[in-house]
Amino acid sequence: KEDGTEHDGIYKLVYHVKPYFDLLGQETFYPFIEVVFELKGTTHYHVPITLSPYGYSTYRGNWPEKGDK
């Protein structure tokens, strides 16, 4: 929607992690990580990532909407 209130769709985040490991002087198996996901509705999402030089994990995080308990 033009007013920026609807964000339904498929998105891709690209985490460029090689520069981080280069700064640490450490090799990594993954120069970048792509995370593809689909948004529906108005929920506020976070896409956290847990990272090591040779593996990663990601999951859907979210914050409660106003009025949610």
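A contact here means heavy atoms within 4.5 Å. On that count, 38% of the contacts in the protein chain between residues at least 6 apart in sequence join residues at least 24 apart. This is a predicted model, so local features need pLDDT of at least 70 and side-chain atom pairs count only at pLDDT 80 or more, while totals for chains, interfaces and linings use all residues. Residues are numbered from 1 along each chain as its sequence is written, and side-chain values use heavy atoms, with hydrogens and water left out.

The chain has one helix and six strands (DSSP runs, H or I of at least four residues for helices and E of at least two for strands, numbered from the N terminus), running β-α-β-β-β-β-β along the sequence. Of its 69 residues, 12% come out as buried (under 20% relative accessible area; exposed is over 50%, partly exposed in between; 1.4 Å probe, protein chains only).

On to the rings: the structure holds four aromatic pairs (Phe, Tyr or Trp rings, the six-membered one for Trp, with centres within 6.5 Å; planes under 30 degrees apart are stacked, over 60 edge-to-face, the rest tilted). Tyr11 and Phe37 are stacked because their ring centres sit 6.0 Å apart with planes at 15°. Tyr11 belongs to strand E1 (residues 9-16) and Phe37 to strand E2 (residues 32-39), so the pair ties together parts 26 residues apart in sequence. Tyr20 and Phe21 pair edge-to-face, at 5.1 Å centre to centre and 70° between planes. Phe21 is buried at 3% relative accessibility, whereas Tyr20 is partly exposed at 45%. Ring pairs also link Phe29, Tyr30 and Tyr56 into a cluster.
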